[in-house]
Protein chains: 4
Amino acid sequence: MAKKQINVALIGFQFMGKAHSNAYRQVGHFFDLPVEPVMKVLVGRSEHKVKAAAENLGWQEHATSWEEVIQRNDIDLVDIGTPNDSHALISQAALKAGKHVLCEKPLAISVADAKASYDVAKQTGLVNGICHNYRKAPAIALAAQMVRDGKLGAIRHFRGTYLQDWILDPSVPLVWRLDKTIAGSGSHGDLNAHLIDTARFVMGAEFTEVIGLAETVIKKRPLLADTDGGLSGFKSSGEMGDVTVDDVTSFLARFNNGATATFEATRLAPGRKNYNRWEINGEKGSIAFNLERMNEIEIYLTDDPQGLQGFHTIQATENFMPYMEGYWPVAHIIGYEHTFINMMSDLFQAIGKGEQFSPDFEDGLKNQAVLEAVDKSVQSRQWERPLF
Amino acid sequence: MAKKQINVALIGFQFMGKAHSNAYRQVGHFFDLPVEPVMKVLVGRSEHKVKAAAENLGWQEHATSWEEVIQRNDIDLVDIGTPNDSHALISQAALKAGKHVLCEKPLAISVADAKASYDVAKQTGLVNGICHNYRKAPAIALAAQMVRDGKLGAIRHFRGTYLQDWILDPSVPLVWRLDKTIAGSGSHGDLNAHLIDTARFVMGAEFTEVIGLAETVIKKRPLLADTDGGLSGFKSSGEMGDVTVDDVTSFLARFNNGATATFEATRLAPGRKNYNRWEINGEKGSIAFNLERMNEIEIYLTDDPQGLQGFHTIQATENFMPYMEGYWPVAHIIGYEHTFINMMSDLFQAIGKGEQFSPDFEDGLKNQAVLEAVDKSVQSRQWERPLF
Amino acid sequence: MAKKQINVALIGFQFMGKAHSNAYRQVGHFFDLPVEPVMKVLVGRSEHKVKAAAENLGWQEHATSWEEVIQRNDIDLVDIGTPNDSHALISQAALKAGKHVLCEKPLAISVADAKASYDVAKQTGLVNGICHNYRKAPAIALAAQMVRDGKLGAIRHFRGTYLQDWILDPSVPLVWRLDKTIAGSGSHGDLNAHLIDTARFVMGAEFTEVIGLAETVIKKRPLLADTDGGLSGFKSSGEMGDVTVDDVTSFLARFNNGATATFEATRLAPGRKNYNRWEINGEKGSIAFNLERMNEIEIYLTDDPQGLQGFHTIQATENFMPYMEGYWPVAHIIGYEHTFINMMSDLFQAIGKGEQFSPDFEDGLKNQAVLEAVDKSVQSRQWERPLF
Amino acid sequence: MAKKQINVALIGFQFMGKAHSNAYRQVGHFFDLPVEPVMKVLVGRSEHKVKAAAENLGWQEHATSWEEVIQRNDIDLVDIGTPNDSHALISQAALKAGKHVLCEKPLAISVADAKASYDVAKQTGLVNGICHNYRKAPAIALAAQMVRDGKLGAIRHFRGTYLQDWILDPSVPLVWRLDKTIAGSGSHGDLNAHLIDTARFVMGAEFTEVIGLAETVIKKRPLLADTDGGLSGFKSSGEMGDVTVDDVTSFLARFNNGATATFEATRLAPGRKNYNRWEINGEKGSIAFNLERMNEIEIYLTDDPQGLQGFHTIQATENFMPYMEGYWPVAHIIGYEHTFINMMSDLFQAIGKGEQFSPDFEDGLKNQAVLEAVDKSVQSRQWERPLF
């Protein structure tokens, strides 16, 4: 018997659009899904660009009006990969139109908007997912599982840094990610959001209070002639504009499991390209991870015999590990894009089985609440609690 | 104007069949090809298995007779991913039938057979490729380019080890890779073949003489009930059979550029999962690589300023690097499978432009000649020259 | 002509006493000093213990009264390696007695006391040193030099963690380092003090404000029967006492060069044995260091040619590097103890040439002011400025 | 009761002389010895140089005639740190004069001479040691112990490389280490000798056959004006002379425990400063070591639980590990020089207890036999057995 088809509409075709498209193309080849994903329609504002993208990325159709597409009867799942400021609007409209929704992070650019999306999601009972794809890296899923299983005992510390250097050069222009009205925030929303999700996921705990600092180091940058906002092909028009987001945001945090934590996100760390590095310390062991070496995980356990205690560098590619059964032999590594493929597998499992996907809008809301509490603490210069 | 379609027939659907299929599916999404690959037909001996595989891997059709398929007028390219002993036969037949051929390594299980394939290829003038996919890892392509550009000066040393541990457990049964009549050799043909190709490719030099040792450490293993020969799902029938290939082969070598070298391949190195690690030392610098961290390359240059001399750990994922333009931002890593995607890009470039693909059957022949010279030296206990 | 002799009195013979004694024994054999150090007298409270220690560590004499020793005419330099609460008292008395002073960190257990010591030092004009020995690790001295020379441009970030796990086991008893009245603080004064000094030294900048969190995770520990307070040979008496210092202290900071920073010290990080790891990011490059691999330093420079940009792993043991001329050939590594030997070389250079040693009591005072501002911020839950 | 004094005469005061002197000065401060070493007399050819060295290195006396010194009644132990060609002569003379002998490697520059020294040593029954100091690195001692205890099961492979780059520059002059008549051989005797000893020590097995290649890449170098032969302060006189030793020697080997092995020593590997790296693979695990990070050891064990299998990076500085009890807390690392201090501890234990020191002249002889068999195989181009 043929599997039920799930028709997907993807809105947005830049970096995330490309990563999601790839995942839709690939997921059925590596995972045994209860339903069959169909790449129905790709949506973008520019007719000729979205047409070319749809062809290149493997979509059956293209369209320019997301408002129309989400109303189509033949669409089951709406995937939102647009710039941040439109996430809440599209999410809510799509849910109200009865579609399952997968929304790129952040859920919204304010807690109020995120809360509204969450409320809609809750009422509809549809699958509502937020794209924290790094949860789907096998190494991170493995870490979360170990903590859940008590292998590390009570967790005392989490420390995370997400360091990049792609805007180090002051001639990098004012792309949308540097514009607060569109992006919401800078390295904080872009990078700390990942760390916040990882901390919540791996520890299974919630933030109770935070205090942070933020800084815009390079205060003016060339205006973009082209308003596409792509991550590459920067072209400057000569005029300068104000950078309205943070280059760096660091913060301290406490969690409801008693753990203390430090976080830092910056895009001005020369040589750190995608250095999402975190470590947790528990009563009985530690786990460390670096996204630049995402197929490895380092684990230390106090119950190793004396003389053998040391961090184990584990190839997180054994086929008994999360998500790895259908790929390649051990240490024949997977890449960044596979975190999205794994995510889509979970998504279609959820849709097929009528279950909820994790992380969901509640996770998106809680993440946003932490981001906003940090922002607030930067202003108030005091500790703040995440509120929603 | 639509691109010319190139219809592909793939013979074999185990590990390599899966990797090649994935590459055919993906190559057009990441590279701008002069032709359009069409996944026409997948060929295998078992009707029901090949049918399921074709469906899962994305092939339009399936078939059980490679002899018939290579004669079809609508097939342009034959890709051979069967066990080693059939490579020569199928290659030659496909070339004679006027098809371009991509052959999994080794080209044959003897130099004589490899020479015959090479001779046929030379006469036909068709594209004839041998699958040394690691040449297509960006880091390795980069290394070869640096040597060609003279950045390291004259090369003095190459040292390569390819270590795995997947047959460490004596209960691993007699899969085809452990049967000399099918596989030709063990770790030598499987793993040293990669190192031999890398040494030739990166240095742009040829072996002049070799001497080796070989050992079958675990001499008997359980016979397989199931003759599929898959890499996983080992099931033992209770009876034991003789392992007829080497567990380890090491050798010394000299090259026509004056370099000396050491090589070692073993599948009995606990903890080494896919440890294809090599290093070259030249007059002016060194380069080191480890396949388990295939997105990195380590480079040392003597013309770095005093006090700054040290191995540079370079993320080999910058989009100006070989093959990387169409993938992801720097340090958003690619995986093992992408070496095949890159290879297919080169292949369709060659087919589209009427050029030869590299590495070709000459490379396959020379590789086989080195492998066989080592084998001969193991018997003769003397230095031997690669002959073909 | 014989060199002038400098007679040393060392007070304290535990861990630091041993490290300092070793340095006095060795410094003249590796460095060409303008004066000759003489290991005159070792001082401790317990007659029989100090006698044995003096013999073992190479001191000519032993004594039990530091008050008497600092008054001796034949003593030129007083080195203070006692528990923290006595540092200020002995420093001031020794300076007033006209002796040069080298004081183990911290300068005092309060800013007020540290200020008093600093004031006395300033009045006397004698050499007054504070033992931040890690400044004397060649790799760290090299880093500071590079920053001073502008190789990294303006510094934007410092991030430091000092992680250990030696009190992870709750059965580790209440040694003096866990008693606030003697130690002043826990991981904060013990470990963050090192990071604070390194940040000031490497960046050549001062802290302007800080905010921190602190936690005593393991609140009760066995009382020590033996009050020696040694780091090893823990013996429990059965009764429990309160831990009065922090297990972890983390804080955010801003500097007068515009840099932002994060700091974390904990002694509850399983597997981290002496993980004093820090990184700085500047306009033009980054430097990273890990004390567990103290003979290496990692440097990234944006002016490396395209394709060669990556962290250089540099053996910080070349003999043109700071302190390395008199030791061993490159990569014949030095150890922890050599940081003290290097420090003593600087100290006797200063004494011999009538110059000031660095770091001096001003550095000790500023360090203490940062530590105390962090403590205050933990109480006030607000940003605080270091005051003295 | 005072300990018995052991008066030492050290012959030679270059690099090894300095390392040995340091060890004599330090050993009593870190180890509890059954006897008391006394640094009696330092011997060298040049009166003024040996006088200065004796003073600097801490010797009571100096002398210029080793022949006279070894006859002195007040000398108990003769330590030989001269260039290689004099080792056999002095060793035999000292033993015949009734002195314990510690001889720098190699025991001689031919097997015949080494055999003669061994025979003398055997007859006299005195302590006769050969300085393979790396056996005394805690990590290596630990590895040997694990193999002895069966933790790795039967050993299948050893692979060792010892790579340096100090003579990469063709302007490095003809120091004694590049002169066959004095040094015996080049990288082979200097570096492979260490690997050979490590293989024998760690595996507890003997070489049965070898085959090698050797090459002198840089065939002429500037003659030294100054004949001191020091490792630093190269000064060229303008004239060129022939390099008579190998720059690189690689070889394959088989052992009497069934293991196969590869070895490579070169001093032309840019960026490798002291890269003595080896790995062993056994039935049940692997151990890897790199001298540039000599305080760490990497261990993989197949009996780790599924999901936790990976190389453990172990700080080989725990105070329950070999030699570490008397040094510093864990991860407060030791350096190159401590391998000599540890060696002297073993030596004085042996002398004090009337036992034999290990490695002894038999180890030196066997080492020399392997070196020579490799040399012979380079000439004969055939496998050779170590003979003595």
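Me: What makes β16(B) and β16(C) count as paired strands?

Reply: In this predicted model, strand β16 (residues 311–315) of chain B and β16(C) are joined by three bridges, in the antiparallel sense. Pairing calls for at least two bridges, so these strands qualify. H312(B) has H312(C) as its bridge partner in β16(C).

Me: Which residues make up the contact between chain C and chain B?

Reply: Chain C brings 12 residues into contact with 12 residues of chain B. Strand β16 (residues 311–315) of chain C gives the largest share of its side, five residues. By class, the side of chain C that touches chain B holds six nonpolar, six polar and no charged residues.

Me: And what makes up the contact of chain C with chain A?

Reply: Here 29 residues come from chain C and 29 residues from chain A. On the side of chain C that touches chain A, β7 (155–163), β8 (207–215), β11 (248–255), β12 (260–266) and β14 (285–290) of chain C each supply at least two residues. The residues on that side of chain C are 11 nonpolar, 12 polar and six charged.

Me: Moving inside chain B, why are β1(B) and β2(B) called a pair?

Reply: Strand β1 (residues 4–11) of chain B and strand β2 (residues 35–43) of chain B share eight bridges in the parallel sense. One of the bridges puts I6(B) with P37(B) in β2(B).

Me: How do you know that β2(B) and β3(B) pair too?

Reply: β2(B) and strand β3 (residues 61–63) of chain B are parallel, with three bridges, and the cut-off is at least two, so they also count as paired. V43(B) is opposite A63(B) in β3(B). With helix α2 (residues 47–57) of chain B, β2(B) and β3(B) form a β-α-β unit that is right-handed.

Me: How do you know what span α5(B) should have?

Reply: Helix α5 (residues 111–124) of chain B has 14 residues, so at 1.5 Å a residue it should span 20 Å; the end C-alpha atoms are 20 Å apart, which agrees. Its buried residues include V111(B), Y118(B) and A121(B). Among the elements covering them are α4 (87–96), β6 (128–131) and α10 (361–380) of chain B. After α5(B) comes G125(B), with a positive phi near 70°.

Me: Why is α9(A) described as largely enclosed by the rest of the structure?

Reply: A residue is buried when 20 or more other C-beta atoms lie within 10 Å of its own. In α9(A), 14 of the 17 residues are buried, so the helix is largely enclosed. Helix α9 (residues 337–353) of chain A reaches 25 Å from first C-alpha to last, close to the 24 Å expected at 1.5 Å a residue.

Notes: Residues are numbered from 1 along each chain as its sequence is written. Chains are lettered from A and ligands numbered from 1 in the order in which they are written. This is a predicted model: local features need pLDDT of at least 70, side-chain atom pairs count only at pLDDT 80 or more; totals for chains, interfaces and linings use all residues. Helices (H or I, at least four residues) and strands (E, at least two) are DSSP runs, numbered from the N terminus. A crossover is right-handed if, with the strands pointing away from the viewer, the path from the first strand over the helix to the second runs clockwise. The expected span of a helix is 1.5 Å times one less than its number of residues. A residue is buried if 20 or more other C-beta atoms lie within 10 Å of its own, exposed if 12 or fewer, and partly exposed in between; C-beta atoms are placed from the backbone. Two residues are in contact if their C-beta atoms, placed from the backbone, lie within 7 Å. Ala, Val, Leu, Ile, Met, Phe, Trp, Tyr, Cys and Pro count as nonpolar, Asp, Glu, Lys and Arg as charged, and the others, Gly among them, as polar.
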